[in-house]
Amino acid sequence: MVPESIDVLARAFQVRSPANTYFCAITAAVLYRVPLPLTLEESRILHVGVPAPARAPRVTEVVGHKFQLRDSDIQDLNGLRVTTPARTWCDLATILSVPDLVAAGDYIIHFNSPLATQDELSEAMQRHPGRRGRRRLLRAIGQLNNRSESRMESLLRVLIMNGGITGVTANDWIRTASGYRYRGDLVIWGRKLVIEYQSRFHDGAKAFEADMTRISRLESDGWRVVQVNSRDLDHPAELLERIRKFIAVRPEVA
């Protein structure tokens, strides 16, 4: 959900601003509901751009940007002038880490409701004029996945894959011998291993019981389900080593 304060602040700013101003970077991402680190999502600072060579705004609680843009890089979003999702993703590269840039990109290209395609992100990246952030864009673009369901799931996938663990697919469906179908967050088919980011600790007794049954059915068919939470991601090296140990003791499946 877009923080009401950002939407209100953006509309109030646009009313008194020249017609060539637009919202970009963090502000554009928040308006598109792109998942970001919490401190950025909750920031009340507006990121406002103007086309070069115009003078960037200098106002309290406003970060001014002066970009080389095409007309096609700006669009209307519920009455606000905002950089397109593809251009916004490129501009985020000067602010976000590679894993967070991947998480943002995953959301933008999600197969169910894409804001842009991966090809559109690649095209925007190729014509993005800035050198700052280019290395991050190049590293992130090849790690995007349009099936990721959350920022934390994306961060977990990037950690695992950058840790040298291969054969990982996102949100694949698994059918048990008894005919039940379950979707695993991250699935390593060659080891019958499912790695899941667990954020549903307070969904209630029925959801908890259903989760227990799901895990039991999968494991009775020879799968191993490894659950990971936010605290685990605070210790990435240890988490990676733990996952490697799970893989090492799993027989390889042809």
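Tutor: Buried means under 20% relative accessible area, exposed means over 50%, and partly exposed lies in between (1.4 Å probe, protein chains only). Helices (H or I, at least four residues) and strands (E, at least two) are DSSP runs, numbered from the N terminus. This is a predicted model, in which local features need pLDDT of at least 70, side-chain atom pairs count only at pLDDT 80 or more, and totals for chains, interfaces and linings use all residues. Residues are numbered from 1 along each chain as its sequence is written, and side-chain values use heavy atoms, with hydrogens and water left out.

Student: How many helices and strands does the protein have?

Tutor: There are eleven helices and nine strands. Of the 254 residues, 44% count as buried.

Student: Which residues of α5 are buried?

Tutor: They are V98, D100, L101, V102, A103, A104, G105, D106 and I108. Because nine of the eleven residues of α5 (residues 98-108) are buried, this helix is largely enclosed by the rest of the structure.

Student: What covers the buried residues of α5?

Tutor: The cover includes α4, α6, α7 (134-141) and α8. A contact here means heavy atoms within 4.5 Å.

Student: How do α5 and α8 pack?

Tutor: Two packed helices are described by the angle between their axes and the distance between the axes. Axes are lines fitted to C-alpha atoms, for helices over the stretch in contact, and angles run from 0 to 180 degrees between N-to-C directions. For α5 and α8 the angle is about 130° and the axes are 9 Å apart. That makes α5 oblique to α8; angles under 35 degrees count as roughly parallel, over 145 as roughly antiparallel, 65 to 115 as roughly perpendicular, and the rest as oblique.

Student: Which residues of α5 and α8 meet?

Tutor: P99, D100, V102, A103 and D106 in α5 meet R151, S154, L155, R157 and V158 in α8. By class, the residues of this contact of α5 with α8 divide into five nonpolar, one polar and four charged. Ala, Val, Leu, Ile, Met, Phe, Trp, Tyr, Cys and Pro count as nonpolar, Asp, Glu, Lys and Arg as charged, and the others, Gly among them, as polar.

Student: And at what angle do α4 and α6 cross?

Tutor: The axes of α4 (residues 85-92) and α6 (residues 118-127) cross at roughly 55° and come within 9 Å. These two helices are therefore oblique to each other. A86, R87, W89 and C90 in α4 meet E120, L121, A124 and M125 in α6. This contact of α4 with α6 has six nonpolar, no polar and two charged residues.

Student: Changing topic, in what order do the strands of the open sheet lie?

Tutor: Four strands form it in the order β6-β7-β8-β9, with mixed pairing; two strands pair if DSSP finds at least two bridges between them. The edge strands, β6 (168-175) and β9 (224-228), each pair on one side only.

Student: How many bridges join β7 to β8?

Tutor: Three bridges join β7 (residues 181-188) to β8 (residues 193-197), and these strands run antiparallel. V187 has V194 in β8 as its bridge partner.

Student: Last one: is C24 buried or exposed?

Tutor: C24 counts as buried, because its relative accessibility is 0%. C24 is found in the loop between β1 (22-23) and α2 (25-31). Not counting residues up to four places away in sequence, C24 touches H47, V48, G49, H65, F67 and T83.
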